[in-house]
Each structure stands twice: as C-alpha cells, then as structure tokens.
Amino acid sequence: MFIYHPSINFSLIDYGIEIPMLNQRVDQIHQWVGANIDKSLLDSKLWLGQRFDPIRKSRLLYAHNENFIENSFKSPKSELFKTFELYNEAGELNRYRPENAKADLDSLHQVILEHIGGSFEAAQYALQNGFAFYLGGGLHHAMTFGGRGFCHYNDIAINALTLKNEFNCKNIWIIDIDAHKGDGTAEILNGQEGIHTFSIHQKTNWPLDSERYDKEGKLNPWFIPSDIDIEIARDENHLYLSKLEQGLEELSQKYPQPDFIMVVSGSDPYELDVLPSADEIQLNLEDMLLRDKLVYNFIKKQESPLLYLISGGYGEHAYKVYIQFLEYLKKERGWR
Ligand SMILES: [Zn+2]
C-alpha cells in the first residue's frame, strides 16, 4: 500500500534550486517501511518501482489551463522559474545556482509529470484497495493558470477531477493539514460539485500576508476560500487540535458521505520545520501525532477509500512526523 519510486525522490538541488526539501525525508520513510512492513503488504510494482507513467495531458487539462500546459511542455524552464520563484522582484536570480546543477532545469518537467502520474496511480490503488500512502504529492499551491509555491501541477485537484470525471466518484473530500493554505486546490476546485475542500493553516504568512485584492479590485486567487477554512494565528497554537476537531465535525455535517478522501499531510506545522514561511504554527512532535490520529480516526468512521499525500516538510527533522504516524498506523491497521 505504500507507493514509491526513486523518481519521486528527486532533489531540487540537483537542478540548481536551493530549497531545503530534502531527499532524506522520503529516504527515511522508505527505509522505515522496508524494515518494518512485511513485503507481502506492499504492492511489488508500486513499491519496488517500474517507472510511473507520466500523467496524461488530458488529465492535466482537468485542472490547469491549456496555455500553461503548452508553455510547460514547450519551454519548461520559463514556467519552472515561476513555480520555484527563481527570480526575485528585481528580476535577479533567486535561490537558483545553475553552476551547481547536475541536470538541466528543463529536464525537471518530465520528472514532475512522472511524480504526478505516481500520485494518480496511488489514487487508483486506494480506490481499488481502500488505502494508499504515496511518498510524494500534495502539491496544493499550483493554480489553474500556473505553478506556485514549489508546486508545478496540482496532483490533488488532478486526482479529484479524474476520479470524478472518469471513475464516477460523486463525493470527494480533501483534508489539507499542511501549515500553508491549500490555496491552489481551493482555486481550481472552486464550485466543483461533489468535491469538498477543507484546509487548516496559518492565518497570515505566505501567501496570506499579501494584499487581498489586486489593483483592479479583484480578489487575489490565493484568497479564494476552501469549502471549510480554519485559520490558526500565532497566539492560537494551543487551540489547533480543538479547532481541527470542530472543523472536521463541520465537514461531516455539511457534506454527504464521501466515496474518496485525500489527506494532504504536510509536516510543516512541526516546530522543528525550517521553512520560515511556515513558522506561524509550531506544534511539538506529540501534538503532531495527536493531529494525525485525530484526522485518521475521523476518516475511519467514513469507511471510504483513503489516500495520503506527504506534501510540505522542510529540514532534517521532517521525517519524524511521518514515521511516528506510520508506527501508529501499523498497530491500528494490523500491518505485520
Ligand atoms: Zn506547506
């Protein structure tokens, strides 16, 4: 049920992009699963890895506009520069060191297509078998019109729309517990019948500290609300778990029983996460486990196929959040 391929484990540093999203996070989880979960429980193709098929263009088009997709295929670099914020406002190179790159930035696009393809394969696996945990995905900042916040294509929205359009799923819940708002997911899925978005996130900080309206008075797209948004201010960290619980209760009261659930399980609310733009929520490791148990036990009551995506998590301690939760799941689900 764990879905892994080495292509997920690409390092942005190899392309000259200096973002502290470390391979080590996926490596550590992968090693833990290898040492602690019986191989018979792991789908051999998906665990040991033939390559994932790149996501089809027709499925990208469910979530993104044609112009953006065509540009990404024709001139990946120009779009990837925006996704990873490689220019600053003055038009100078920002966090990009091509001289340190081992691979050309253009080639990253193909890796991303396989990564998104893997997320969709994990969704299909969960639909058929009830549960999957993908060691990647959760790229919730990518918008209809382009990549943002290190997320090029939005696998969450692509999965949801593919399940709705091709697999007859009628009620899909997306539960986003990353420190950042699932803003791209909310924008893409705004008004989509039968797909319900929930996001608990920091109240300000990136990108919610920007202007709410643009110069023409139009709402900036990252402020488009999810169906349920729970905001946590810096002085409200002690209320995180109770607000999360209330929000999930509201979700189950407002919307029909789901036939598919995705959890965007970022570890960046953790106090040892190193990304400055995630520092408004600072939960300790125990509270992170309480968060994960709360969400999992809430979902268990829905008896619905379930897909976990790992989403954001930065620095050398990020992996601990996932491993303690997997230890819990191992007992809870009776994995050998
Ligand atoms: Zn995040």
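The talk below takes the labels one by one.

Guide: First, the ground rules: this is a predicted model, where local features need pLDDT of at least 70, side-chain atom pairs count only at pLDDT 80 or more, and totals for chains, interfaces and linings use all residues. Residues are numbered from 1 along each chain as its sequence is written, and side-chain values use heavy atoms, with hydrogens and water left out.

Visitor: Why is Glu-114 called buried?

Guide: Buried means under 20% relative accessible area, exposed means over 50%, and partly exposed is in between (1.4 Å probe, protein chains only). Glu-114 has 8% relative accessibility, so Glu-114 counts as buried.

Visitor: What makes Glu-114 and Arg-51 a salt bridge?

Guide: The rule asks for a side-chain nitrogen of Lys or Arg within 4 Å of a carboxyl oxygen of Asp or Glu. Glu-114 and Arg-51 meet at 2.8 Å, N to O. Glu-114 lies in helix α6 and Arg-51 in the loop between α2 (44-49) and α3 (57-63), so the pair ties together parts 63 residues apart in sequence. Helices (H or I, at least four residues) and strands (E, at least two) are DSSP runs, numbered from the N terminus.

Visitor: How many salt bridges are there by this rule?

Guide: The count comes to 14. Among them is Arg-59 with Glu-166, at 2.5 Å. That pair links helix α3 to helix α7 (residues 155-167), 107 residues apart. Arg-59 has a relative accessible area of 8%, so Arg-59 is buried. Glu-166 is at 33%, so Glu-166 counts as partly exposed.

Visitor: What makes the Trp-173 and Phe-298 pair stacked?

Guide: Rings of Phe, Tyr and Trp (its six-membered ring) pair if their centres lie within 6.5 Å; planes under 30 degrees apart count as stacked, over 60 as edge-to-face, and the rest as tilted. Trp-173 and Phe-298 have centres 6.0 Å apart and planes at 15°, so the pair is stacked. Trp-173 sits in strand β3 (residues 172-176) and Phe-298 in helix α11 (residues 285-300).

Visitor: And why is the pair of Phe-131 and Trp-335 called tilted?

Guide: The centres of Phe-131 and Trp-335 are 5.8 Å apart and the planes are at 55°, so the pair is tilted. Both Phe-131 and Trp-335 are buried. The structure holds 17 aromatic pairs. Ring pairs also link a cluster that includes Phe-2, Phe-131, Phe-133 and Trp-335.

Visitor: How do you know that Arg-333 lies over the face of Phe-131?

Guide: A charge sits over a ring if NZ of Lys or CZ of Arg is within 6 Å of the ring centre and within 35 degrees of the ring normal. Arg-333 is 4.2 Å from the ring centre of Phe-131 and lies over its face.

Visitor: What are the protein donors of the zinc ion?

Guide: Donors are N, O and S atoms within 2.8 Å of the metal (3.2 Å for Na, K and Ca); water is not among the atoms, so sites may look incomplete. Asp-178 (OD), His-180 (ND1) and Asp-268 (OD) lie 1.9 to 2.1 Å from the zinc ion. Their spacing along the chain is D-x1-H-x87-D.

Visitor: How many residues has the largest nonpolar core?

Guide: Such a core is a set of buried Ala, Val, Leu, Ile, Met, Phe, Trp, Tyr and Cys residues joined through side-chain atoms within 4.5 Å. The largest has 106 residues, and those with the most contacts inside it include Phe-2 and Leu-307. Helix α6 (residues 108-129) gives the largest share, 10 residues.
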